Amino acid sequence: MSDIIQLLPDAVANQIAAGEVVQRPASAVKELIENAIDAGADKIRLIVKDAGKSLIQVIDNGCGMSVTDARLCFERHATSKIRKAEDLFAIRTMGFRGEALASIAAIAHVELKTRRVEDELGTLIEIEGAEVVRQEPAGLAAGTSICVKNLFYNIPARRNFLKSNPVEMRHIVDEFQRIALAYPHIFFSLHSDDQELFHLPGESLKQRIVHVFGNGYNQRLVPVEEETTIINLKGFIGKPEFAKKTRGEQFFFVNNRFVKDPYLNHAIVKAYEGILPSDSFPLYVLFIEIDPAKIDINVHPTKTEIKYEDERAIYAILQSAVKRSLGRYNITPTLDFNQ
Ligand code: ADP
Ligand code: MG
């Protein structure tokens, strides 16, 4: 008998990887906006049609790509963000695996337009069926625009199992809001079917929270700030009387990355013990900064889970800092924290 193992063609490997990275339109939105942030953009516009099922477009004013890079960015494991294994312990960018664009190009029609400031002409590339079908120089604004059309066109099972437009749109808005909260100094807008849902100028974190959730929130926030040798913590927590019956207003970021962490969430909620009914959930938008060598973000394909070296210490710091902020607020509830 002859040998039977073969290496899969790239297109097939990419399609398999795409199943993990891109679960729904919102996952593509997240990857594209994170790329714009990594490119140093301070203006990022998101346009979607049909809840991202027919179009997701992200336009940024970041560093753009050279002709060669514009082509290479669609290859798997092609990245400008890390070069060697040690770099994995010092990650400061949102991306680093070089998987997103290869995955997206394997399961959608993609049009990339990009120009670096120093180049006279930019590059336009169209990809269909994981093949480049058009590449030409083009006069373009500096920065990058990526259009992702007909997501999952070649994976009927995925396409058919997408939820209704309102549900998929909710996921997109969730991703958009998380990133918008993490980068308040960046201008973001979101257009859905020609309607502008968000228009967020560069601003302070507090202004951004109010802009995202509504004017009433101006009066609901208590600042949290703590510097320790392990982490720096900052952000806002909600006054107990405004706690909601759902978790929708709880945001925890590690080195500006939104993560879901039931253990550390517990530390925050525990600080409210005794002043909140057990079935209500306080608002929080909290950021910890930590040495990237002390965490591993390479745990989950969407990077929403992190492993920490000092999890217990972080728990204790979070809980006591939140308690202290609440204590200050309780002693002087009329104090204006706005300044
Ligand atoms: P990763 O973000 O993990 O590096 P991606 O597949 O998302 O992988 O992107 C591959 C590469 O393409 C990036 O490393 C970057 O060099 C380039 N790139 C992607 N999007 C942009 C963008 N909006 N502006 C500039 N360069 C980009
Ligand atoms: Mg990326």
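Helices (H or I, at least four residues) and strands (E, at least two) are DSSP runs, numbered from the N terminus.

View 1. The protein chain holds 9 helices and 15 strands. This is a predicted model, in which local features need pLDDT of at least 70 and side-chain atom pairs count only at pLDDT 80 or more, while totals for chains, interfaces and linings use all residues. Residues are numbered from 1 along each chain as its sequence is written, and chains are lettered from A and ligands numbered from 1 in the order in which they are written. Taken along the principal axes, the C-alpha atoms fill a box of roughly 70 × 55 × 45 Å. Of the 339 residues, 38% count as buried, a term for residues with 20 or more other C-beta atoms (placed from the backbone) within 10 Å of their own.

**View 2. The two domains of the protein chain.** The domain assignment, which is automatic or comes from a database, gives domain 1 (10–200) and domain 2 (214–331). Their centres, taken over C-alpha atoms, are separated by 29 Å.

**View 3. The side of domain 1 that touches domain 2.** Here 12 residues of domain 1 are in contact with 12 residues of domain 2, where contact requires C-beta atoms, placed from the backbone, to lie within 7 Å. Both α1 (10–21) and α6 (165–182) supply at least two residues of this side of domain 1, and α6 gives the most, with 3 residues. The residues of this side divide into 8 nonpolar, 1 polar and 3 charged, with Ala, Val, Leu, Ile, Met, Phe, Trp, Tyr, Cys and Pro counted as nonpolar, Asp, Glu, Lys and Arg as charged, and the others, Gly among them, as polar.

Definitions and conventions
Contact = placed C-beta atoms within 7 Å. Buried ≥ 20, exposed ≤ 12 C-beta atoms within 10 Å, placed from the backbone.
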